[in-house]
Amino acid sequence: MEEKKVESGANDQPKSEYDRLWEAVSKDPNDFKSWEELIVNVENVEGGITPNIKSEDIEKIHHVYENFLFKFPLCFGYWKKYSDIEMIIGGPEKAEEIYEKGVSAIHNSIDLWIQYCDFKIQHCKDNEKIRDLFERGAQNVGLDFQSQPFWEKYVEWEETNHEDAKAFAILERVIKIPLHAYTQLFERYSNLSVTRPISELVTPDKLKEVEEIVDKSLEGKEDKSNREQLIRQKIHEIKSEQYMKVQAEVGKRWEFEMEIKRPYFHVKPLDQYQLKNWRKYLDFEESQGDYYRIYTLYERCLVSCALYEEFWERYAKYLASKGNIQDATNIFLKAINVFIPPNYPSIRLAFAIFQEEQGNIQKARELYQQILATVSGHIETIEYYYNFERRQNNLEEAENILSSSLNEATEENNKIYLTVKLAQFYERHKHDIEGARKLFSNSVEKFLTNKFFLYNYLLFELRQKDINNIEKNCKKIFTIIKSEQCTLLMNEKITLGKLFYEFLMERGSSVSLFREVGDDIKRMEKSDKNTPTTSNERKRPLTETTYDQQQKRVATQPLVTPTTTVTPQAQAYPTTGYYGDASSYQYNAQAAAAYQQNYYGGWDYTQQQQAYQ
């Protein structure tokens with residue numbers, strides 16, 4: 001977004017309301033309220049919006065609407081408003097251009113397609129062009145459970161033009177699709193079917209089959225005047241059976257549909273019940289295995305849930321699982337460039353893994369680097385990044401990522417976690433036991449109060465091969481743990497001590513050390529009234545994973561909160577202008593190209609309804 005420069009000095013003028021609002025949305029593009037006020041401001045021109053509006057006012061209107069709809073492309077009502085304005089100041093051709101942009105940005109908006117078709121009916125005399133537009137709309141929204149209004153509009157238009165055969169053909173398509181008002185549409189189809197020729201009721205092959213059945217039943221009968229009636233009855237039985245099957249599909253989806261309280265996009269958060277319903281609905285549709293219905297539901301979901309990373313990632317993974325790699329890539333790009341702020345790393349980490357899986361190593365590397373440039377010190381990203389380099393056999397770079405991140409860390413939890421990970425890297429991948437031991441040893445005084453560090457230090461020594469050295473080194477660690485300088489809770493000290501004690505029992509060589517450690521633990525248990533002393537408690541297994549996950553969660557939490565657990569409007573954007581230098585944003589050039597190439601949907605929409613025609 002371009003920044004307006006205000007000259008300083010004695011002649012400074014108070015900012016206009018337009019400048020104040022523009023500055024507000026430039027600083028915080030997620031400020032939906034200021035956007036709304038800004039739109040009202042540019043529309044409130046002297047004399048109203050007329051064909052004679054001033055050129056500078058036209059420029060402001062274009063500037064605001066284009067930027068707003070780039071930021072919030074799913075706000076279908078604003079595409080309609082923008083087109084209405086263009087109709088006044090630029091005429092039908094300009095208005096239609098806005099509709100085309102709108103149905104590219106939000107291709108599955110039933111309302112927008114209906115409005116566009118209404119516009120086309122009013123301003124176009126070519127019925128074939130209007131019909132082509134309806135067909136485009138049918139390809140984009142026809143499988144939507146709530147698409148009844150669109151289909152009714154299409155049928156009514158054909159009937160208005162006295163194209164009863166075409167209207168009936170549309171209804172023939174509709175009765176195969178599970179829709180909200182399916183019974184109503186089927187009744188309309190049934191009422192119209194009695195007026196239509198038999199040849200329009202079923203396919204030629206099916207009609208031939210029905211005729212053979214009826215003719216066989218009439219064999220030996222002189223009166224065959226009711227042949228057509230019998231054929232219609234047989235076709236009605238077929239259609240009734242079809243009705244029952246589709247109605248059953250409607251019933252399966254009804255419980256999910258009735259729980260969708262906000263099918264449109266908004267910056268306000270969805271409650272957890274709504275999010276849970278979308279998850280369950282997607283689970284159900286995937287279990288049914290109809291690819292086109294699954295695709296349609298994902299596209300609907302990502303209007304309501306556009307600000308939630310989990311649904312973008314889930315959709316991309318689903319597409320990839322079906323071999324649609326380019327479509328999955330487009331979904332990732334759409335998420336990270338338009339909807340999910342740069343300081344939310346989860347979707348970007350998923351994209352980096354996806355790129356690595358596709359062999360796009362440099363693109364994956366750039367994603368990790370971009371995340372760390374935006375969310376400096378993010379533990380999960382650091383761990384993903386160094387392990388990415390390790391998988392590429394770049395051990396030197398992997399070590400550098402860990403060591404530099406450790407040097408730059410400011411939060412103590414991050415320092416502890418990265419210290420342990422770097423020591424484990426030395427041990428597991430460089431096979432430098434002394435290097436790992438030195439790092440643990442040099443850090444122990446700094447992290448005496450941290451169970452995660454001491455637990456991993458102790459486990460490190462317990463993993464080594466020389467029994468005598470294990471006993472000697474673990475004794476040093478246990479001495480530190482039970483000292484007054486170590487401020488862990490007594491029950492935490494006992495838990496760590498029992499790790500050493502069980503090692504001595506099962507693998508140790510010194511019975512004296514075994515007795516000594518056992519006595520120490522008994523004394524510690526007596527001093528801690530809250531510590532259970534049952535054999536079950538003593539034998540309760542401890543896993544590295546438990547502590548590892550716990551410490552990672554603590555280390556990561558102060559830095560970033562997942563989108564799924566925070567209100568979308570609370571997502572923080574960078575303080576720079578949203579439409580500033582493209583180099584400061586992730587993949588902005590690709591996002592712009594994607595917009596021009598209609599990648600908002602990432603799909604060949606002509607495929608959707610083939611199975612339903």
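Reply: What follows sets values against definitions, one label at a time.

Me: What kind of model is this, and which residues count for local features?
Reply: This is a predicted model, in which local features need pLDDT of at least 70, side-chain atom pairs count only at pLDDT 80 or more, and totals for chains, interfaces and linings use all residues. Residues are numbered from 1 along each chain as its sequence is written, and side-chain values use heavy atoms, with hydrogens and water left out.

Me: How many helices and strands are there in the chain?
Reply: The chain has 29 helices and 0 strands. Both are DSSP runs, numbered from the N terminus: helices are H or I with at least four residues, strands are E with at least two.

Me: Why is Ile177 called buried?
Reply: Buried means under 20% relative accessible area, exposed means over 50%, and partly exposed lies in between (1.4 Å probe, protein chains only). Ile177 has a relative accessible area of 0%, so it is buried. Its place is the loop between helix H9 (164–174) and helix H10 (182–193). Across the 613 residues of the chain, 48% are buried.

Me: Why does Arg437 count as buried?
Reply: Its relative accessibility is 16%, so Arg437 counts as buried. Arg437 belongs to helix H22 (residues 433–443).

Me: What joins the side chains of Arg437 and Glu434?
Reply: A polar contact of 2.7 Å joins them. A polar contact is a pair of N or O atoms within 3.5 Å; within protein, one must be able to donate a hydrogen and the other to accept it, and residues adjacent in sequence count only if both atoms are side-chain atoms.

Me: Which residues does Arg437 touch, not counting those up to four places away in sequence?
Reply: Arg437 touches Phe460, Glu461, Gln464 and Asn473. Contact means heavy atoms within 4.5 Å.

Me: How do you know that the buried residues of H2 are on the same side?
Reply: The buried residues of H2 are Phe32, Ser34, Trp35, Leu38, Ile39 and Val42. They cover an arc of only 155° around the axis, so they are on the same side of H2. The arc is that of the directions from the helix axis to the C-beta atoms. On the other side of H2, Lys33 and Val40 are exposed. Cover for the buried residues includes helix H1 (17–27), helix H3 (55–71) and helix H4 (76–89).

Me: What makes H21 mostly covered?
Reply: Of its 17 residues, 13 are buried. Helix H21 (residues 412–428) reaches 24 Å from its first C-alpha to its last, close to the 24 Å expected at 1.5 Å a residue. That expected span is 1.5 Å times one less than the number of residues.

Me: Why is Asn393 called exposed?
Reply: Its relative accessibility is 65%, so Asn393 counts as exposed. Asn393 sits in the loop between helix H19 (379–391) and helix H20 (395–408). Its phi is positive, about 65°, although Asn393 is not a glycine. Most residues other than glycine have a negative phi.

Me: What about His431, buried or exposed?
Reply: His431 is exposed, because its relative accessible area is 63%. His431 lies in the loop between H21 and H22. The phi of His431 is positive, about 55°, although this residue is not a glycine.
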